[in-house]
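Have your viewer open and your selection tool ready.

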Amino acid sequence: MKTLLLLIPFYVLPLLVQSDVVLTVLIFTFVLSILAIGFNIVFGGAGQLTMFHAAAFGIGGYVTFLSMLRFGISFWLGFGVAVLVVVVTSIVIGWICFKFRLKEFYFAVVTLAFAELCRLVALNWNSVTNGTLGMLVLEKPTVWLPGTGIVKIEQTVPWYFLTLVCLTGILIFSALLMRSWIGRNFSAIRLNEDLAQTLGIDTFRYKLLAFTISNVVAAFAGALFGFYTGYIDPAYLSVTQSLDAIAMVLLGGVSTILGPVVGALVLTSLPHLIELPAELRVAVYGTILILVILLMPRGIVGLVSGLLRGRFNAA
Amino acid sequence: MQVVIGQILNGIILGSLYGIIALGVTMTFGITGIVNFALGEFMMIGAYATWYFSDQAMLPFPVAVMLGVVLAAVAGLVADQVLFRFTRNNLVNGLLVSIGLISVMESGALLLFTTTPKSMDAVVAGSLSLGAITLPRMKVVVFLLLVAVIGLTWLGLSRAWLGRATRAYAQNPEAAMLMGVPTKLLQTGVVVYSCALAGFGGGLYASLFSLEPSLGGLFILKGVEAAILAGVGNLLGALAGGVILGVTESVGSLYLPSAFRDAYGLVFLVAILLFRPAGLFGSQR
Amino acid sequence: MLLKVENLTKRFGGLVAVSDVSFAIEKGEIIGIFGPNGSGKTTLLSLLAGLLPPSGGRVLWKDQDIAGSRPNAIAAMGVIKTFQNPQLFSELSVFEHVMIASFLAFTRMKHHSRLRSFFSPRQGEKALRARAEKALTLCRLQNSSARPAAELSYGEEKMLGVAMAMMCEPELLLLDEPASGLGNDEIQNLENVLRDLRAHGTTLCIIDHKVAFLAKFADQAIALQEGRKIAQGRPRDVLADADVVKAYLGRHHHA
Amino acid sequence: MKISLKGFFTGTLLAAAIPNLAFAQGIVKLGQIEAQTGPNAIYGFMSSQGVPVAVDEINRGGGFKVGDTTYKLELDALDTRGDPKEATIDLKKLLEQDKVKFVFGPFLSNVFVTIYPYAKQFNGKFLMLGGGTRIHEYVGQPGNEFLIRTWNWDAGPKGFGERMVDYLVKTAHPKKVAMLFQNDSAGKILGDTYEPMFKSRGIETMTEYFEPGTKDFSPVLAKISEFQPDYLFPGYSDAALYDIVRQSIEGNYSKKFFLVRGSTGPGLKNKDGLEDYIVYVPKDFEEAEKNDPKVKHFIEAYKAFYKRDFPYDQAPLCSSSCYDHVYMLVAAMQKAGTVDDVEKIRTTLLGMTYQGIWKISFDDHNEQVFDFDIVHLKKGGAKEVIHVEQ
């Protein structure tokens, strides 16, 4: 839990840095970290390689905005509706996959297929999602602040703090989850599902729980992303969105708490730090991914904590 | 009615292209335990090389295709020695290394050829027409070549010593190793061969369709779908899986909105995976 | 009657691994099942523990048919199995293994609630940790409790399997060749553990091909050959049974 | 160890954020946000090639004088990869960090719609010259003064779409036209725009959309052939057009084509098989090179700058390639006598008529109006170029 103290400097940052670009990069980092944490819960936690989190990301954005429009409710209630939709979808898809005991590669492919189907629905259901034209989101989330009452989040600095607070909340949630019995059962399933079953753990129910929690967290990231950029379109549900989240978790460190955040920070800020012609930048992105997988299998956080522990043991 | 038959034939031809990639996917998965998602990029190498050698360097088409295959095989060898050697039997690492490789190779193509589409003239012009159905001759030629290569590969694997050793290794790696099967050579050989197959598919693709750097991405997904449809590990099934996928898409687009084209393959795939997890022809491995 | 097995059968395609086996186990009894390799012992245990769906027959646990239910449901009812070759959670420490195994015990604690455990992981942990220490000490693994399980010797791994099974508070413990691969003093210790379990009223069903070890313990013995039950009764009688000897030594042995 | 970990992050980010101050007085900064890589990079790539050539030319020519100071141009061309997230960050970098006042692009509609809410906050402080189809929905409205569209609206009073359909009706009197567009936001707009244009002229239409990235069009072409159209109207990215035209001819579906947004390339490639091929092209460069020195000069400059041959047969550098617009912007600054007063430059620019490679002026909707060519290919490749003045 103490690793969460590493977030404190980010709370202080807006006072030091005036540049809006850095804050924007960090806002995107925080939001994509939430998506990455969502994926990490089901993959780093219960060992199930899912490709559905991008669909949940998109559904989170779409349903939150649509329910805000249709029922005139606040962002948070709209998100509540999105949670319901995502929970139901996750249970249906999860039930299908886990009932048929799809393993690793096949689970990834079936969840990918369902995500693509969701994307095609979003792409062609013009009456509701406005299809390929996407939707312009002009509404903004509102927050109750002591003293000032209901405040609309519009400028960069308020968005910075909203997304940072949300990320901190999700991090605490995922830390608690991993240390609780639920988390312990997740790792039992990840490491040896057959053994876990013989020890009385209902692996079907726990995998379904991990899959659902992961998609709800991803939907939260989708809602924040949609309302911050002000535009939602079917590309939210694309395969590339899933792969980005996976790359962040692996770069940062699978099955660690802070790994997804570190991975998100590096991969979001990287394109803007290196001044290279466009084609080369994409190549650098790919090369980094390869180097991390081959040289640092446990990711940055894995490497760093290994060094730290190594230091303590040696000392 | 003729239209449907026309589309079934078209689906079969398109399916053979999916099939050759599926064959590469199946062989790589069977022997090295990973899915080489970057196979589409080796297809792109074959396609661009064939286009360059035949359109720019004015070499005869067969020579251009052969050069494309050689280039793809060499690239496959480099990729295997530098990357895939370290991700044997580790599916997730193999997936992610492939994704990294895809962006590297795509940006290479962008640098060399820009995004301006390249299009070759049909090597064999004209079309066959049987009643109302017309099939471009080039498509038929491509289909025959692909089926021949897939057939030869299947024959090779079931007749030649190396082929039998490969199948033995796929069935039971430990036993094969004990019998002195050179596993390292085998694994590299299979990766290189599947890249060469993809390069060959790419060369033929270039004679039918326009080229752009991102063509690899579309075909690898179809190849993986076809491989799973057939049951990963089943060699001849790869072609059959590709054909079924191609026909489903072609006939599907006739009746349902063609914007949903990719959905038909996906729905079919999910159904197969749920009710016949080993695939249509797969053995319960 | 704790467990009643009626005409249990299991076919893999043409091969009949277990054919028409029936027997019963009384509460607190120790039953030993032995037979040459490939006689269907492990398959039989897997059928009981729900790891394999039976092709036919019934398994009555306290007069309720549990054949074909999921392994975790059967485990939750108190039927716990160990593995012939030990199954481990690769990266975790020995202690963490035993803690995971205490899940069923956790669910049975009065004030437990998985959700509340979410907020206060400490809830119920102290009692379980104490019990885990005791189990490890009994299995003589207490001094390697922090070590990763992957570093244990084969014998220690087997004992960890037993320790984990104990943590699940089993009413019926199915032990799959617990003695094989153990050194003499390890077997000695295993016997203490089994006596301790028996003292706590746990019913044991041990399968092994170490006949001497079984004979010393089992109240009742069953001999299997090619999936069929060829003899049942007191260990000494079964060992002397003509068919058993023939199955074992391949020819008629004149005692 | 822990501190350096934290330092590592904030340190590098701070370094990136220090705005690079414009030391030399006399620098006018231009920004560009186009998709140079990524799946739909083809249009971003083509429209992004004009600006660098013009900037390089002007700077090598010693810059330009406004009042008594000579200025040079500094171009910051950022790649959005067609990803709205990148585009938002790129635009922020241009407007807030580099303090750019003139931004060229985007040409992709989904990128534009994402950055629009943010760009709107800077209304009056900068000018955005973009070609994207969906800019039409926002340009010319109060509060969007920053927006200038470097392409005109197909269906406007001076819309090239209307002219093209008139030409089609005049030369071929088609009764039925089938439209086949990419299933993305620009494709959808095309469908919604051209359907009424054909209907108002009594032409029956049918529209089919295909998944972007489709290569085999035989099924959808077979479906369209049952409608028996006189003309097939495919759109809009070049790679798709090459495949559609070729497969339509080879599969002997329809052999008469009508294209708005496309190029002569597919037509020339299949010149023996096709029966009619009418295509809207901002400029037929082959034809224009023979008799227009400015075009000749531009082609040489392009070849010198990029060191590759000029893509004659593509929809080469459609007029939003902004080569002319850089010069037009410079002319507007000189006429307005300022490089900072955005509003003054804007009104001057919109009021001007500039004769570069194209004759460019802006309608009251702040959308560009410019002359263009209709290329009419007949069977065998006979090419007729009809120049349309606006």
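The tour below goes from a helix to a chain interface and then to a pair of domains.

Before you click, note that this is a predicted model, in which local features need pLDDT of at least 70, side-chain atom pairs count only at pLDDT 80 or more, and totals for chains, interfaces and linings use all residues. Residues are numbered from 1 along each chain as its sequence is written, while chains are lettered from A and ligands numbered from 1 in the order in which they are written.

**Stop 1: a helix in chain C**

Select residues 154-167 of chain C, which form helix 7. Helices here are DSSP runs of H or I with at least four residues, strands are runs of E with at least two, and both are numbered from the N terminus. Helix 7 of chain C has 14 residues and reaches 20 Å from its first C-alpha to its last, close to the 20 Å expected (1.5 Å times one less than the number of residues). Because 13 of its 14 residues are buried, helix 7 of chain C is largely enclosed by the rest of the structure. Buried means 20 or more other C-beta atoms within 10 Å of the residue's own, exposed means 12 or fewer, and partly exposed is in between, with C-beta atoms placed from the backbone. Just after this helix, click C:Glu169, which takes a positive phi of about 50 degrees.

To see the contact, show C:Arg131, C:Ala132, C:Ala135 and C:Leu136 of helix 6 with C:Ala163, C:Met166 and C:Met167 of helix 7. Contact requires C-beta atoms, placed from the backbone, within 7 Å.

**Stop 2: chain B against chain D**

Next, show chains B and D, where 28 residues of chain B are in contact with 29 residues of chain D. On the chain B side, helix 1 gives the most, with 5 residues.

**Stop 3: two domains of chain D**

Finally, colour domain 1 (27-151 + 318-357) and domain 2 (160-285 + 373-388) of chain D; the bounds come from an automatic or database domain assignment. Their C-alpha centres lie 31 Å apart. Between them, 9 residues of domain 1 of chain D are in contact with 8 residues of domain 2 of chain D. Helix 2 (41-47) and helix 5 (109-120) of chain D each supply at least two residues of the domain 1 side.

Terms used:
Contact = placed C-beta atoms within 7 Å.
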